[in-house]
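This report describes a structure made of protein chains. The sequence and the model come first, and the description follows.

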Number of protein chains: 2
Amino acid sequence: MPQFLETTATDFEAQFQTLLNAKREDSPDVDDVVAGIIADVRARGDAAVLELTERFDRVALTPETMRMTPEEVAAAADDAPEEVRAALVLAEERIRAYHERQMPSDESWTDESGARLGWRWTPVSAAGLYVPGGLASYPSSLLMNAVPAKVAGVQRLAMVVPTPDGAVNPAVMAAAQIAGVDEIYRIGGAQAVAALAYGTQTIAAVDKITGPGNAFVAAAKRRVFGRVGIDMIAGPSEILVIADGDNDPDWIALDLLSQAEHDESAQSLLITTDAAFGKAVAEAVDKRLETLERRAIAGISWRDYGAVIVARDLDEAAALSDRIAPEHLELCVADPDALAEKITHAGAIFLGQWTPEAIGDYIGGPNHVLPTARSARFSSGLSVMDFLKRTTLAKMSADSLRAIGPAAEVLATSESLEAHGLSVTARLSKLNR
Amino acid sequence: MPQFLETTATDFEAQFQTLLNAKREDSPDVDDVVAGIIADVRARGDAAVLELTERFDRVALTPETMRMTPEEVAAAADDAPEEVRAALVLAEERIRAYHERQMPSDESWTDESGARLGWRWTPVSAAGLYVPGGLASYPSSLLMNAVPAKVAGVQRLAMVVPTPDGAVNPAVMAAAQIAGVDEIYRIGGAQAVAALAYGTQTIAAVDKITGPGNAFVAAAKRRVFGRVGIDMIAGPSEILVIADGDNDPDWIALDLLSQAEHDESAQSLLITTDAAFGKAVAEAVDKRLETLERRAIAGISWRDYGAVIVARDLDEAAALSDRIAPEHLELCVADPDALAEKITHAGAIFLGQWTPEAIGDYIGGPNHVLPTARSARFSSGLSVMDFLKRTTLAKMSADSLRAIGPAAEVLATSESLEAHGLSVTARLSKLNR
């Protein structure tokens, strides 16, 4: 991977293309295994889920113990340190306040023909939330999925979380309590996704499933899509920082490493207008990598996919950024608002030196579930809209049908759809009688 | 298929389940063929597209003739009858007026901590529109896809439409002109989808692909999803009419047949509170089927998937409707607005006797691309939102970082993501120095 690029170099375009096209995901092909698991859960329900849970998570459950009781949730949550709980409470408040502003409004109006038109938003009735077990079990991700669902008005939010060898994450349980999750099942993997999508004797089916997971979970979500709605399938995390020379190199290094430490396949990029500053950041990254707890992961990510790009000016930086369409974009420049105006494709923008990306992961308010792998060109982060659906409304008066009905008859005839036309003609005949 | 059901019957629930679970789609497995076509287009670009077009559409094109010139489009459009053009102009105006009201607004506010938060909507830069050739080539569908894209602000709208044996549909060309489609390529099938998704020497890649197509097109859209955005994969059309006894049975019969005539797999259902009226509608359907042009198709659809359900009252009808979650719902009752209030899951609702569903297909204003196969439980019809994406914005002040940063540090530590925490700590250290 090219580590230090200058846009003035003759081979820059080729190097940049290499960066853009780096295949960072190695998704193992687990589709056949997952298809078998889903078929098994559809056929045998609880029995299949319990067997698979015993096999994969080494936990023996019954239909009665599959779901955690409120007392069990409370006891587990009590093990979370008080300062963690307080931080989760603040995070939930801020995420809720942000997402409450996303609620769209219903509309209804009467046009000049006398037709009443509009639409109405309603929440999904039941949503399922996948929460990974083990190392990648993040209470912050739980909040980012659960809070928009609850703000949207989802009545039933059912969460699944595997408990390998019986291990429960106290902070995750505290977050579930704070967010108001309605049901918690200690199951995971493709079997949990299948149970949510199709239902079992114990778990009622949901209408939509969101939340991150491993390759089995992702494959299962793809397979049940259509039966239920799903959120995007997220790829490895990415950050692009655009910084001028007037920054602390160590701050920017830490911002880059905060994505790199997620995953060996994460990508951290810096575009700077100051070559010397770029070199200073690269040095600061190396220095931090000497001591960082997750230096093994972060080091591989930075080595394989990281880069510093020196641009002529901020206009060029903005144009490169739009070609990258980053998941996270940090603008550490003198006038970040002006630069943001020049950006078209980004999942989330963090403006100015006091807004490290990590603020957005936890506590800022906006959602941290964001489009990866250049998909910010056409998609958005998670929001209340993911838990709402729109019903369009139309009510013709006799006058409005008289006014616009004939055009519908003409178009139906031109499309050779006779009954479409006749359904209008029959009514107009009565009106014109 | 049960044709006449009464909710008071002891076996009603079983019969209703049969209706709900009817597998109406027989999607041939063309995935391997499609994968090969996509790989070929990625590898060879124009050459592959042109060869496949010659093979499947029996049309010999060159890179120069693949795209229609404005003169060719105009000449083809001129063959559309004047009344069809006038109807398309009215339809475009009404669809545009409706969708303009859907444009969401950008938001920006400063919270009590001093953090500026908000979001911004931007259009997809380039969209691809698939338009089928042959019998199912509908100008109305073109408008329903193209108008929301243009209202959203999509700068480049590239349309593909196969021209088997050179045949061009004049009404489709007129609709493309009226809607302001920017580029038209006379190609179709999986090769056209691949060309839009990956680009060729002649066709620049787009960011999002929408529009209906056959099994090959649907499989290709599924495969390129991720590289580009796609709209939903629509299943066979459906209508549910809820009617009291105070309706003309022939009108309701025609409304049912206007879906049945689309496709042998379409489903037309009537729920009525008046058994005698239900029987009268069934008789009217049979009578119309004697003469309807598309009686072969409509007859099979009605025989295999159609049904009349007699309900105790409108509350029961509304509850059944929500279990069906119909694509199209027509409410032909004395107080349709009151009944609509009781409905939660439906793609589009048509209120009252003067609003046959066909009005919504052509000229009402709302979109006719709607969720099928019970997916109205979790998804919505096509809208300007499908051509927009949201970028979230966050800008901390030094004070706001001081206020909420410590909570981010706590959560980062609890998730063992050290660099996340350090990126905040480094900044707070300077502030507190």
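The side of chain A that touches chain B is made up of 57 nonpolar, 30 polar and 25 charged residues. Here Ala, Val, Leu, Ile, Met, Phe, Trp, Tyr, Cys and Pro count as nonpolar, Asp, Glu, Lys and Arg as charged, and the others, Gly among them, as polar.

The rule also finds 12 salt bridges across the interface of chain A and chain B, a salt bridge being a side-chain nitrogen of Lys or Arg within 4 Å of a carboxyl oxygen of Asp or Glu. B:Arg427 forms a salt bridge with A:Glu330, with the closest N and O atoms 3.8 Å apart.

## Basis of the values

This is a predicted model, in which local features need pLDDT of at least 70 and side-chain atom pairs count only at pLDDT 80 or more, while totals for chains, interfaces and linings use all residues. Residues are numbered from 1 along each chain as its sequence is written, chains are lettered from A and ligands numbered from 1 in the order in which they are written, and side-chain values use heavy atoms, with hydrogens and water left out.

In chain A, 112 residues are in contact with 112 residues of chain B, contact meaning heavy atoms within 4.5 Å. The two chains bury about 10,000 Å² between them, 59% of it on carbon and sulfur atoms. Buried area is the accessible area (1.4 Å probe) that two parts lose on being put together, summed over both.

The same surface serves both copies, since 100% of the contact residues of chain A recur in chain B.

## Strands

Strand β14 (residues 388–395) of chain A runs parallel to strand β13 (residues 348–351) of chain B, and 3 bridges join them. A:Thr392 has B:Ala348 as its bridge partner in β13(B). Two strands pair if DSSP finds at least two bridges between them; helices (H or I, at least four residues) and strands (E, at least two) are DSSP runs, numbered from the N terminus.

Within chain A, an open sheet of 5 strands has the order β6-β5-β4-β7-β8, with parallel pairing. Its edge strands are β6 (183–185) and β8 (229–230), each pairing on one side only.

## A salt bridge within chain A

Over all chains, 42 salt bridges are found. In one of them, the side chains of A:Glu13 and A:Arg323 meet at 2.7 Å, N to O. A:Glu13 lies in helix α1 (residues 12–21) and A:Arg323 in helix α13 (residues 314–324), so the pair ties together parts that are 310 residues apart in sequence.
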